[in-house]
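Here's a quick briefing to read with the model open beside you. Have a look at the fold, then work through the points below.

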Amino acid sequence: MSLSYSSVRRDPPCYHTFSNSNPDTGSNPGAQAGSLKGGFKALKLKVIDSRGNEITNLEQWSRTVRRSHWKPGRSAYSLADFIMSRHGTAHLDARISSVLSRAVTLEQGTPEYAARFDRYEGPARLDLGISGRTACGDNLFVGLEAKVDEPFGSETVCERWRKATDTLRTKPRSRAAARVRELLSRYFDDDDEPCESGFADVGYQLLTATAGAVAMEADASVLYVAVFRTLDYDEERSRKNRLDYDNFMRVSGGESLVQDGSGFLAHELTLNGRRLVCIYEYLGLEN
(Lines give C-alpha, C1' and ligand atoms only; values in the text may rest on other atoms or scores of the structure.)
Protein backbone atom coordinates (compact mmCIF):
# COMPACT_ATOMS: atom_id res chain seq x y z
CA MET A 1 0.00 0.00 0.00
CA SER A 2 1.30 3.49 -0.82
CA LEU A 3 0.16 7.08 -1.00
CA SER A 4 -1.63 7.94 -4.21
CA TYR A 5 -3.94 10.45 -5.81
CA SER A 6 -6.41 9.39 -8.47
CA SER A 7 -7.07 12.90 -9.74
CA VAL A 8 -6.24 16.54 -9.19
CA ARG A 9 -9.03 18.58 -7.65
CA ARG A 10 -9.95 21.93 -9.17
CA ASP A 11 -11.63 23.64 -6.24
CA PRO A 12 -12.33 27.38 -6.21
CA PRO A 13 -9.64 29.59 -4.63
CA CYS A 14 -9.58 29.46 -0.85
CA TYR A 15 -9.07 32.46 1.41
CA HIS A 16 -5.73 32.24 3.20
CA THR A 17 -5.85 31.81 6.94
CA PHE A 18 -2.18 32.38 7.75
CA SER A 19 0.23 35.19 6.89
CA ASN A 20 4.03 35.37 6.86
CA SER A 21 6.30 38.22 7.81
CA ASN A 22 9.98 39.11 7.66
CA PRO A 23 12.28 36.87 5.58
CA ASP A 24 15.14 35.05 7.26
CA THR A 25 18.25 36.82 6.06
CA GLY A 26 20.71 35.37 8.56
CA SER A 27 23.97 33.96 7.18
CA ASN A 28 23.80 30.88 9.40
CA PRO A 29 20.25 29.52 9.72
CA GLY A 30 21.68 26.53 11.56
CA ALA A 31 22.38 28.81 14.48
CA GLN A 32 18.64 29.34 14.80
CA ALA A 33 17.60 25.72 14.69
CA GLY A 34 13.94 25.15 15.40
CA SER A 35 12.98 24.03 18.87
CA LEU A 36 11.12 20.77 19.34
CA LYS A 37 10.15 21.29 22.96
CA GLY A 38 6.48 21.85 23.68
CA GLY A 39 4.13 24.46 22.27
CA PHE A 40 2.57 22.08 19.73
CA LYS A 41 -0.89 20.66 19.55
CA ALA A 42 -0.98 16.88 19.87
CA LEU A 43 -1.14 15.76 16.24
CA LYS A 44 -0.49 12.15 15.34
CA LEU A 45 0.45 11.00 11.88
CA LYS A 46 -0.63 7.51 10.87
CA VAL A 47 2.57 5.87 9.64
CA ILE A 48 2.41 2.76 7.47
CA ASP A 49 4.98 0.70 5.61
CA SER A 50 4.85 -0.02 1.88
CA ARG A 51 2.52 -2.99 2.53
CA GLY A 52 0.04 -0.98 4.57
CA ASN A 53 1.10 -2.24 7.99
CA GLU A 54 0.87 0.43 10.67
CA ILE A 55 4.11 1.56 12.32
CA THR A 56 3.74 2.57 15.96
CA ASN A 57 7.31 2.48 17.31
CA LEU A 58 10.96 2.89 16.35
CA GLU A 59 11.58 -0.85 16.09
CA GLN A 60 8.88 -1.22 13.45
CA TRP A 61 10.15 1.86 11.59
CA SER A 62 13.69 0.41 11.55
CA ARG A 63 12.48 -2.54 9.47
CA THR A 64 11.73 -0.17 6.56
CA VAL A 65 15.33 1.14 6.46
CA ARG A 66 18.60 -0.47 5.46
CA ARG A 67 20.25 -1.86 8.56
CA SER A 68 23.48 0.06 7.79
CA HIS A 69 21.52 3.34 7.76
CA TRP A 70 19.80 2.81 11.12
CA LYS A 71 22.00 4.46 13.74
CA PRO A 72 21.16 6.92 16.54
CA GLY A 73 22.38 10.37 15.61
CA ARG A 74 22.06 9.79 11.86
CA SER A 75 19.27 10.83 9.54
CA ALA A 76 17.04 7.73 9.29
CA TYR A 77 16.88 7.21 13.05
CA SER A 78 16.54 10.95 13.71
CA LEU A 79 13.56 11.23 11.38
CA ALA A 80 11.78 8.32 13.06
CA ASP A 81 12.54 9.77 16.50
CA PHE A 82 11.30 13.19 15.37
CA ILE A 83 7.96 11.82 14.16
CA MET A 84 7.35 9.15 16.79
CA SER A 85 8.74 10.78 19.94
CA ARG A 86 9.14 14.56 19.53
CA HIS A 87 5.86 15.97 18.24
CA GLY A 88 7.37 16.12 14.76
CA THR A 89 4.02 15.99 12.98
CA ALA A 90 2.81 19.08 14.79
CA HIS A 91 5.99 20.95 13.89
CA LEU A 92 5.70 20.01 10.21
CA ASP A 93 2.01 20.91 10.23
CA ALA A 94 2.69 24.37 11.66
CA ARG A 95 5.64 25.10 9.37
CA ILE A 96 3.92 23.97 6.17
CA SER A 97 0.73 25.83 7.12
CA SER A 98 2.77 28.98 7.60
CA VAL A 99 4.61 28.70 4.28
CA LEU A 100 1.51 27.78 2.26
CA SER A 101 -0.50 30.49 4.05
CA ARG A 102 -3.29 28.06 4.76
CA ALA A 103 -3.93 25.43 7.41
CA VAL A 104 -2.95 21.88 6.54
CA THR A 105 -3.60 18.48 8.07
CA LEU A 106 -1.01 15.73 7.68
CA GLU A 107 -2.78 12.39 7.63
CA GLN A 108 -0.62 9.45 6.57
CA GLY A 109 3.07 8.83 6.00
CA THR A 110 5.21 6.05 4.51
CA PRO A 111 8.96 5.77 5.24
CA GLU A 112 11.21 5.07 2.24
CA TYR A 113 8.40 6.20 -0.03
CA ALA A 114 8.84 5.24 -3.70
CA ALA A 115 8.04 8.32 -5.81
CA ARG A 116 7.97 7.50 -9.51
CA PHE A 117 8.80 10.49 -11.67
CA ASP A 118 9.46 8.85 -15.06
CA ARG A 119 9.02 5.61 -17.04
CA TYR A 120 12.28 4.05 -15.97
CA GLU A 121 13.00 1.61 -13.18
CA GLY A 122 14.16 2.92 -9.82
CA PRO A 123 11.89 5.58 -8.28
CA ALA A 124 13.09 8.43 -6.10
CA ARG A 125 13.24 7.13 -2.53
CA LEU A 126 11.92 9.85 -0.25
CA ASP A 127 12.71 9.33 3.42
CA LEU A 128 9.04 9.95 4.21
CA GLY A 129 6.10 10.51 1.89
CA ILE A 130 3.15 12.20 3.57
CA SER A 131 -0.40 12.69 2.30
CA GLY A 132 -2.77 15.25 3.72
CA ARG A 133 -5.19 18.06 2.97
CA THR A 134 -5.33 21.81 3.15
CA ALA A 135 -8.12 23.83 4.74
CA CYS A 136 -9.43 24.36 1.20
CA GLY A 137 -9.93 20.62 0.79
CA ASP A 138 -7.01 20.29 -1.62
CA ASN A 139 -4.85 17.17 -1.74
CA LEU A 140 -1.41 17.73 -0.22
CA PHE A 141 1.76 15.70 -0.72
CA VAL A 142 4.93 16.26 1.29
CA GLY A 143 8.16 14.54 0.34
CA LEU A 144 10.49 14.72 3.32
CA GLU A 145 14.25 14.28 3.02
CA ALA A 146 16.06 13.86 6.34
CA LYS A 147 19.69 14.91 6.77
CA VAL A 148 22.17 15.25 9.58
CA ASP A 149 25.19 16.09 7.47
CA GLU A 150 24.82 13.50 4.70
CA PRO A 151 25.21 14.88 1.14
CA PHE A 152 22.46 15.01 -1.46
CA GLY A 153 23.42 11.68 -2.96
CA SER A 154 26.78 10.14 -3.73
CA GLU A 155 27.04 11.76 -7.17
CA THR A 156 26.58 15.11 -8.84
CA VAL A 157 24.51 15.36 -12.03
CA CYS A 158 27.70 15.37 -14.12
CA GLU A 159 29.13 12.38 -12.27
CA ARG A 160 25.89 10.44 -12.74
CA TRP A 161 25.89 11.32 -16.45
CA ARG A 162 29.49 10.21 -16.99
CA LYS A 163 28.89 6.96 -15.16
CA ALA A 164 25.76 6.33 -17.22
CA THR A 165 27.50 7.00 -20.54
CA ASP A 166 30.40 4.74 -19.52
CA THR A 167 27.87 2.00 -18.81
CA LEU A 168 26.60 2.23 -22.39
CA ARG A 169 29.91 0.83 -23.63
CA THR A 170 29.26 -2.51 -21.94
CA LYS A 171 25.47 -2.35 -21.66
CA PRO A 172 24.16 -0.65 -24.81
CA ARG A 173 20.55 -1.17 -23.72
CA SER A 174 21.03 0.80 -20.50
CA ARG A 175 18.63 3.71 -20.12
CA ALA A 176 20.52 5.45 -17.31
CA ALA A 177 21.95 8.17 -19.58
CA ALA A 178 18.56 8.76 -21.21
CA ARG A 179 17.04 9.15 -17.76
CA VAL A 180 19.46 11.93 -16.78
CA ARG A 181 18.77 13.84 -20.00
CA GLU A 182 15.01 13.43 -19.73
CA LEU A 183 14.99 14.42 -16.06
CA LEU A 184 16.75 17.68 -16.87
CA SER A 185 14.62 18.37 -19.92
CA ARG A 186 11.21 17.43 -18.55
CA TYR A 187 11.38 18.92 -15.08
CA PHE A 188 13.98 21.67 -15.40
CA ASP A 189 13.64 22.74 -19.06
CA ASP A 190 17.37 22.16 -19.58
CA ASP A 191 18.48 20.46 -22.79
CA ASP A 192 22.20 21.10 -22.38
CA GLU A 193 24.68 18.24 -22.21
CA PRO A 194 24.52 17.36 -18.50
CA CYS A 195 28.17 18.13 -17.73
CA GLU A 196 27.76 21.52 -19.46
CA SER A 197 24.49 22.25 -17.71
CA GLY A 198 24.06 24.67 -14.85
CA PHE A 199 23.05 21.60 -12.83
CA ALA A 200 26.35 19.78 -13.48
CA ASP A 201 27.71 20.22 -9.94
CA VAL A 202 24.37 19.81 -8.12
CA GLY A 203 23.77 16.69 -6.03
CA TYR A 204 21.74 14.34 -8.23
CA GLN A 205 19.40 13.51 -5.34
CA LEU A 206 18.11 17.09 -5.32
CA LEU A 207 16.79 16.63 -8.85
CA THR A 208 15.19 13.23 -8.24
CA ALA A 209 13.67 14.27 -4.91
CA THR A 210 12.04 17.41 -6.30
CA ALA A 211 10.83 15.54 -9.39
CA GLY A 212 9.48 12.75 -7.19
CA ALA A 213 7.61 15.17 -4.93
CA VAL A 214 5.96 17.09 -7.76
CA ALA A 215 5.19 13.95 -9.80
CA MET A 216 2.55 12.96 -7.23
CA GLU A 217 0.34 15.61 -8.89
CA ALA A 218 -1.30 16.73 -5.68
CA ASP A 219 -2.99 20.12 -5.56
CA ALA A 220 -0.26 21.28 -3.19
CA SER A 221 3.23 19.73 -3.32
CA VAL A 222 6.03 20.28 -0.83
CA LEU A 223 9.62 19.06 -0.59
CA TYR A 224 10.78 19.39 3.02
CA VAL A 225 14.49 19.02 3.83
CA ALA A 226 14.84 18.52 7.59
CA VAL A 227 18.42 18.91 8.84
CA PHE A 228 18.72 17.37 12.30
CA ARG A 229 21.43 18.81 14.52
CA THR A 230 22.27 15.75 16.58
CA LEU A 231 25.41 15.01 18.58
CA ASP A 232 26.83 13.52 15.35
CA TYR A 233 26.21 16.71 13.37
CA ASP A 234 29.25 18.08 11.51
CA GLU A 235 29.02 21.80 10.80
CA GLU A 236 31.41 21.81 7.85
CA ARG A 237 29.73 18.94 6.01
CA SER A 238 26.34 20.50 6.66
CA ARG A 239 27.60 23.82 5.30
CA LYS A 240 28.59 22.10 2.04
CA ASN A 241 25.13 20.57 1.78
CA ARG A 242 23.55 23.98 2.28
CA LEU A 243 25.75 25.43 -0.48
CA ASP A 244 24.66 22.60 -2.76
CA TYR A 245 21.01 23.32 -1.97
CA ASP A 246 21.48 27.08 -2.50
CA ASN A 247 23.13 26.42 -5.86
CA PHE A 248 20.27 24.13 -6.87
CA MET A 249 17.71 26.80 -6.01
CA ARG A 250 19.67 29.37 -8.01
CA VAL A 251 20.02 27.33 -11.21
CA SER A 252 16.48 25.94 -11.04
CA GLY A 253 14.97 29.42 -10.72
CA GLY A 254 13.68 28.98 -7.18
CA GLU A 255 11.81 32.05 -5.98
CA SER A 256 12.39 32.89 -2.33
CA LEU A 257 9.18 33.05 -0.30
CA VAL A 258 8.55 35.36 2.62
CA GLN A 259 9.58 33.67 5.88
CA ASP A 260 9.21 34.38 9.56
CA GLY A 261 12.86 34.61 10.62
CA SER A 262 12.98 31.40 12.65
CA GLY A 263 15.86 29.66 10.88
CA PHE A 264 14.34 28.09 7.78
CA LEU A 265 14.34 28.69 4.04
CA ALA A 266 11.37 28.48 1.69
CA HIS A 267 11.31 28.64 -2.08
CA GLU A 268 8.86 28.05 -4.89
CA LEU A 269 9.78 26.14 -8.05
CA THR A 270 7.88 25.28 -11.19
CA LEU A 271 8.70 21.79 -12.45
CA ASN A 272 7.02 20.26 -15.49
CA GLY A 273 4.37 22.97 -15.26
CA ARG A 274 3.57 22.26 -11.61
CA ARG A 275 4.22 24.34 -8.49
CA LEU A 276 6.47 22.92 -5.79
CA VAL A 277 7.21 24.58 -2.47
CA CYS A 278 10.59 23.67 -0.97
CA ILE A 279 11.40 24.10 2.73
CA TYR A 280 14.87 23.71 4.25
CA GLU A 281 15.00 23.75 8.03
CA TYR A 282 17.51 23.04 10.80
CA LEU A 283 16.05 21.20 13.79
CA GLY A 284 17.80 20.60 17.10
CA LEU A 285 17.96 16.98 18.29
CA GLU A 286 21.00 17.20 20.55
CA ASN A 287 19.37 15.19 23.35
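The notes below cover a helix, a cavity and a loop residue.

This is a predicted model, where local features need pLDDT of at least 70, side-chain atom pairs count only at pLDDT 80 or more, and totals for chains, interfaces and linings use all residues. Residues are numbered from 1 along each chain as its sequence is written, and side-chain values use heavy atoms, with hydrogens and water left out.

**Helix H7**
- H7 runs over residues 235–251 and spans 24 Å from its first C-alpha to its last, close to the 24 Å expected at 1.5 Å a residue.
- Helices here are DSSP runs of H or I with at least four residues, and strands are runs of E with at least two.
- Buried residues (under 20% relative accessible area, 1.4 Å probe, protein chains only) in H7 include Arg242, Asp244, Tyr245 and Phe248.
- Helices H5 and H6 and strands E6, E8 and E9 are among what covers them.
- After H7 comes Gly253, with a positive phi near 75°.

**Lining of the largest cavity**
- Trp61, Leu79, Glu112 and Asp127 are among the residues that line the largest cavity.
- H2 gives the most to this lining, with three residues.

**Ala218**
- Ala218 sits in the loop between helix H6 (204–214) and strand E6 (220–229).
- Ala218 is buried, at 1% relative accessible area.
- Its C-alpha is 9.4 Å from that of Val142, 76 residues apart along the chain.

Conventions. Buried < 20%, exposed > 50% of the residue type's maximum accessible area, 1.4 Å probe, protein only. 1 Å grid on protein atoms, 1.4 Å probe; cavity = no way out; pocket = protein on both sides within 12 Å on 5 of 7 lines; lining within 4 Å. Expected span 1.5 Å × (residues − 1). Contact = heavy atoms within 4.5 Å.
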